[in-house]
Amino acid sequence: MARILVADDEEVLRMLITDTLEDEGHEIDNAADGNEALQKMQTEIYDLVILDNMMPGKTGIEVAQSLSAEWKQNCPIIMLTAKTQQSDIEETKKVGIPYYMAKPFSPAQLVLLVEDILDA
């Protein structure tokens, strides 16, 4: 069982991800915007973060830029976003987020990615 933060401004999507990952036995925390996500990431311990890029307050990229390289090394982040241009993927990697999943996504594919990351 892993402790996972799901940060997305779309409540329905947050609940879909939460329900899917709780069904797999994970403990899920939620954030509705970039500022809340960053605050939780700086004060709580997570095994994994699923981060939307387009959120109010701070974008997922801005959240990642605010974290130390050591933090990102110790807690993997999946960028889950509708921004799917090659430049968006490169920007995500440039800020230290190696995992990227485009919206819309399959919950089953997300579970597989989460499990692969946690098993690594």
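This is a predicted model: local features need pLDDT of at least 70, side-chain atom pairs count only at pLDDT 80 or more; totals for chains, interfaces and linings use all residues.
**Leucine 51.** I listed its contacts, leaving out residues up to four places away in sequence. Leucine 51 touches Ala7, Ala37, Gly60, Val63, Ile77, Ile78, Met79, Leu80 and Ile97. In the sheet, leucine 51 stands opposite methionine 79 of β4. I found three bridges between β3 and β4, in the parallel sense.

**Sheet.** Which order do the strands take? I read β2-β1-β3-β4-β5, five strands in an open sheet with parallel pairing. β2 and β5 each have a single partner strand and stand at the edges, so one side of each has no neighbour in the sheet. On average, neighbouring strands are turned by 20° against each other, direction ignored. I also checked α2, which packs on the sheet and touches β1, β2, β3 and β4. The direction of α2 makes about 135° with that of β2.

**Strand β1.** Is β1 (residues 3-7) mostly covered or uncovered? I found it mostly covered, with four of its five residues buried. On one side I traced its pairing with β2 (residues 27-31), parallel over five bridges; alanine 7 has alanine 31 as its bridge partner there. Four bridges join β1 to β3 (residues 48-51), again running parallel, and valine 6 stands opposite isoleucine 50. I followed the chain from β1 through helix α1 (residues 11-23) to β2 and recorded a right-handed β-α-β unit.

**Helix α5.** Which residues of α5 (residues 86-94) are buried? I noted Asp88, Ile89 and Thr92. Seen down the helix axis, the buried residues of α5 fall within an arc of 100°, so they line one face. The face turned away from that buried side carries Lys93 and Lys94, which are exposed. I looked up what covers the buried residues: α3, β4 and β5 (99-102) are included. After α5 comes glycine 96, with a positive phi near 90°.

Terms used:
Residues are numbered from 1 along each chain as its sequence is written. Side-chain values use heavy atoms; hydrogens and water are left out. Buried means under 20% relative accessible area, exposed over 50%, partly exposed in between (1.4 Å probe, protein chains only). Helices (H or I, at least four residues) and strands (E, at least two) are DSSP runs, numbered from the N terminus. Two strands pair if DSSP finds at least two bridges between them. A crossover is right-handed if, with the strands pointing away from the viewer, the path from the first strand over the helix to the second runs clockwise. Contact means heavy atoms within 4.5 Å. The arc is that of the directions from the helix axis to the C-beta atoms. Axes are lines fitted to C-alpha atoms, for helices over the stretch in contact, and angles run from 0 to 180 degrees between N-to-C directions.
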